[in-house]
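Let's take a walk through this structure together. Have the sequence and the 3D view ready as you read.

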Amino acid sequence: GTTWLVLNASNGNPIQTYWTYDGGVRATVVGDVFLYPTYINSKFVYWAYNTSNGSAWAISSDASSHGGPLLDGVFYYSSGSNYDTRRLYAYNVSNETSWQVHSRSGVNSIRELGGVLYYDAASTTHSGDSLWAHNPDNGTTWEIEGSDATNIFLGLVAGGTLFYRTSSSSTSGLWAYDPSNTTAWQISNATLNGDTFTSLGNTVYFTSDTT
């Protein structure tokens, strides 16, 4: 029942540490290392804390970072000077190395399906975002055509299908992508109301203003 201060790297100022729902900022554990987002010196960065020896260090240095999935001991996250300049990065916990995975900007949400990373990033065909994919096993990256969206938010995986929200101008729609046949399609013509959609089993539930 004991409680103790793990780390104080704020020079006397409060450190805000966050972890929330699976799609947002979150903490991740790899062996004895605890990866977590925190806000220090006006920067929202990721830190690592080794529970076995009490050491701690920053794994990202940009002002805006956002956590993603963990694959084979490698933590994937987006990072940049601000929301619009985030790029996809990887961090290997075992050897404490990091590298940029993809140079496209605008990466804000990352999902994993079948060992492949899916994320939003600036499109090469229009002025907004596209759905992108990266296979860490062979290092390939490709753009997935579907909607000409201004913004994309990747929400969840259900029944082997990736579901995500797209927005353009004043409309927002729920889309799906099936990697087995590489097709993307909009789920009905209902306008998605915000980011409120979830799944129970293989059924996806969402809120809409459309009747």
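A word on the model comes before the details. This is a predicted model, in which local features need pLDDT of at least 70 and side-chain atom pairs count only at pLDDT 80 or more, while totals for chains, interfaces and linings use all residues. Residues are numbered from 1 along each chain as its sequence is written, and side-chain values use heavy atoms, with hydrogens and water left out.

The chain has zero helices and 18 strands (DSSP runs numbered from the N terminus, helices being H or I of at least four residues and strands E of at least two). Of its 211 residues, 46% are buried (under 20% relative accessible area, with exposed over 50% and partly exposed in between, using a 1.4 Å probe and protein chains only). Among contacts between residues at least 6 apart in sequence, 25% join residues at least 24 apart; a contact here means heavy atoms within 4.5 Å.

Now find strand S4, residues 43-50. Seven of its eight residues are buried, so S4 is largely enclosed by the rest of the structure. On one side, S4 pairs with strand S3 (residues 33-40) in the antiparallel sense over eight bridges; two strands pair if DSSP finds at least two bridges between them. The two form a hairpin with two residues between them, and Asn 41 in this turn has a positive phi of about 50 degrees. S4 also runs antiparallel to strand S5 (residues 56-58), joined by three bridges. That hairpin has five residues between its strands, with Gly 54 in the turn at a positive phi of about 75 degrees.

Next come the aromatic rings. Ring pairs link Tyr 46, Phe 75, Tyr 77 and Tyr 89 into a cluster (rings of Phe, Tyr and Trp, the last by its six-membered ring, pair if their centres lie within 6.5 Å; planes under 30 degrees apart count as stacked, over 60 as edge-to-face and the rest as tilted). The count comes to six aromatic pairs by this rule. Phe 75 and Tyr 77 are stacked, at 5.7 Å centre to centre with 15 degrees between the planes. Phe 75 counts as buried because its relative accessibility is 0%, and Tyr 77 is buried at 2%. Tyr 77 also stacks with Tyr 89, at 5.8 Å and 20 degrees. Tyr 77 lies in strand S7 (residues 74-80) and Tyr 89 in strand S8 (residues 87-92), so this pair ties together parts 12 residues apart in sequence.
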